[in-house]
Amino acid sequence: VQLQASGGGLVQAGGSLSLSCAASGGALSTYAVAWFRQTPEKEREGVAAISRTGFRSYGDSVKGRFTISRDNAKSTLNLRMNSLNTEDTAVYYCAASKVWGNLNPQGYDYWGQGTQVTVSS
């Protein structure tokens, strides 16, 4: 499966942003999917994951602010980000796996190219 992330941009602290990830070359319904983020200073961090059956998992730093969803009919993965702060600034990646990888990047085999999210103070 090929993944294409989009929706990144510049937003003020306290604002919201939505990311999308379009999947092609495979049925999204057969994959667990997730969002990760990375900055030059930190290792890749799991943000949110959703299983094939809709079970959701969130990183501690985004719980209550971010919402992951999937639309299998449209082969898209979405991430709604609210109450953004400067610590959320990163390149965001979508990823997919045939098995449940939760928030561990080692558990995912397919990756999108990343989209930059910058939160200004």
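**Strand β9**

I looked up the burial of β9 and found 7 of its 8 residues buried, where buried means under 20% relative accessible area, exposed over 50% and partly exposed in between, with a 1.4 Å probe and protein chains only. The model is predicted, and I used local features at pLDDT of at least 70 and side-chain atom pairs at pLDDT 80 or more, while totals for chains, interfaces and linings use all residues. Residues are numbered from 1 along each chain as its sequence is written, and side-chain values use heavy atoms, with hydrogens and water left out.

I took strands as DSSP runs of E with at least two residues, and helices as runs of H or I with at least four, numbered from the N terminus. Two strands pair if DSSP finds at least two bridges between them. I then listed the partners of β9.

- Strand β4 (residues 32-38) runs antiparallel to β9, with 7 bridges; Trp35 has Cys94 as its bridge partner in β9.
- Strand β11 (residues 115-120) is antiparallel to β9 and joined to it by 3 bridges; Ala90 is partnered by Val117 in β11.
- Strand β10 (residues 110-111) is also joined to β9, by 2 bridges in the antiparallel sense; Trp111 in β10 stands opposite Ala95.

**Disulfide**

I searched the whole structure for disulfides, meaning cysteine sulfur atoms within 2.5 Å, and the search gave 1. Cys21 is joined to Cys94, S to S 2.1 Å. The S-S torsion of Cys21 and Cys94 is about 65°, so the disulfide is right-handed. I noted both Cys21 and Cys94 as buried.

**Asp88**

I found Asp88 in the loop between β8 (76-81) and β9. Its relative accessibility is 1%, so Asp88 counts as buried. Leaving out residues up to four places away in sequence, I listed contacts of Asp88 (heavy atoms within 4.5 Å) with Arg37, Arg65, Phe66, Ser83, Val117 and Val119.

**Strand β7**

Phe66 also lies in strand β7 (residues 66-71), where I checked which way the side chains point.

I counted 6 bridges between β7 and β8, antiparallel, with Thr76 in β8 as the bridge partner of Asp71. β7 and β8 make a hairpin with 4 residues between them, and Ser75 in the turn has a positive phi of about 55°.
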